[in-house]
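Keep the structure in view while reading.

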Amino acid sequence: MRSITFHRRLLGALTLVAGLALGLPGVASAEQQALKIGFQKGGGLLAVLKSQGVLEKSLGEQGYRVTWHEFQAGPQLLEALNAGSVDFGYTGAPPPIFAQAAGIDLVYVGAEPHAPRTEAIVTHKDSSIADIAGLKGKKVAVQKGSSANYLLVASLAKAGLSFADIQPVYLPPADARAAFENRSVDAWSVWDPYLAAIEKGASVRVLGNYEGLSQTNAFYEASRRFAETNPKLLQALLGELAKAGAWANDNPGEVARLLAPQLGLPEDVLTLWQKRARYGVQPLSAEIVAVQQKVADTFHEQKLIPRSVKVGEIVWKAPQ
């Protein structure tokens, strides 16, 4: 009898261990305590937090394990969010619009102020293209669905052109730089730190940036499932980002030194970026939502997204 009881207890223990490993329903698993963060190469405050190691310490004390997942640009990050590979991320204004139009179930959870000179459209210094109007009929490299995509659309509109007036060449930043340098494209619309890197590493001329255009925001996004099931964790994460933002605004040189080894870029490139960057996590006000809606409407009018979207429908409301 004792032998039978012992074996039953052993079987129960093994079943529990197996359940923990497999994440069976009703059994707490290590994966359920993980926070999977998606960040872009040079992705602002998330890159700062990753380098500092602050988040692992503060959230680790609350029982969470933080994992980091790098992406070249926002559209790829939000595809991963849709697949469940990440829970939370940071992008420019257009990626969540393209994601919403594609049916990805995400929510906006915070906004960052936009710095007008951290993105630009550049051409070669010896190019005959003198201004944005000169892009008519030209090949322009851009990451589809990125903030640089909207910069290009808005800049063309201001110059009296439509997106159909140029030849867009959709490439992620690394491939776009190669195409630009070998002159397979005439111009490139891109963001920092890729912008700072090309400014420091090649002879380029800036044709335009967000100065004089409607100022869009960058955003923090989460999967709806994650936001609804982890509101306290999400608020703690946004709180850490707010603290990191206040520090980064006051210490651009320190941010450059912190990020240099992580990004594999020279400090002078990152210093150029940080001197024109701005940080400050904030909730989505009615004004921010209205500006983002304008971005969404513009993309729909240009037939760059398949359907119209309502930004306000996917804004997360923090519990009181």
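A residue counts as buried when its relative accessible area is under 20%. The model here is predicted. In it, Thr91 has a relative accessible area of 1%, so Thr91 is buried.

**Thr91 and its surroundings**
- Thr91 belongs to strand β3, which covers residues 88-91.
- The side chains of Thr91 and Glu221 make a polar contact of 2.6 Å.
- With neighbours within four places in sequence set aside, Thr91 is in contact with Gln40, Gly74, Leu78, Pro96, Ala218, Phe219 and Glu221.

**The sheet**
- Five strands form an open sheet in the order β2-β1-β3-β10-β4. Pairing is mixed.
- The edges are β2 (65-71) and β4 (106-112), each of which pairs on one side only.
- On average, neighbouring strands of this sheet are turned by 25 degrees against each other, direction ignored.

**The β3 and β10 pair**
- Strand β10 spans residues 218-223. β3 pairs with β10 in the antiparallel sense, over 4 bridges.
- Phe88 has Ala222 of β10 as its bridge partner.

**Helices on the sheet**
- Helix α4 (residues 74-83) packs on the sheet and touches β1 (34-40), β2, β3, β4 and β10. The direction of α4 makes about 160 degrees with that of β3.
- Helix α10 (residues 231-250) lies across β1, β3, β4 and β10. α10 runs at about 40 degrees to β3.

Key
Residues are numbered from 1 along each chain as its sequence is written. This is a predicted model: local features need pLDDT of at least 70, side-chain atom pairs count only at pLDDT 80 or more; totals for chains, interfaces and linings use all residues. Side-chain values use heavy atoms; hydrogens and water are left out. Helices (H or I, at least four residues) and strands (E, at least two) are DSSP runs, numbered from the N terminus. Buried means under 20% relative accessible area, exposed over 50%, partly exposed in between (1.4 Å probe, protein chains only). A polar contact is a pair of N or O atoms within 3.5 Å; within protein, one must be able to donate a hydrogen and the other to accept it, and residues adjacent in sequence count only if both atoms are side-chain atoms. Contact means heavy atoms within 4.5 Å. Two strands pair if DSSP finds at least two bridges between them. Axes are lines fitted to C-alpha atoms, for helices over the stretch in contact, and angles run from 0 to 180 degrees between N-to-C directions.
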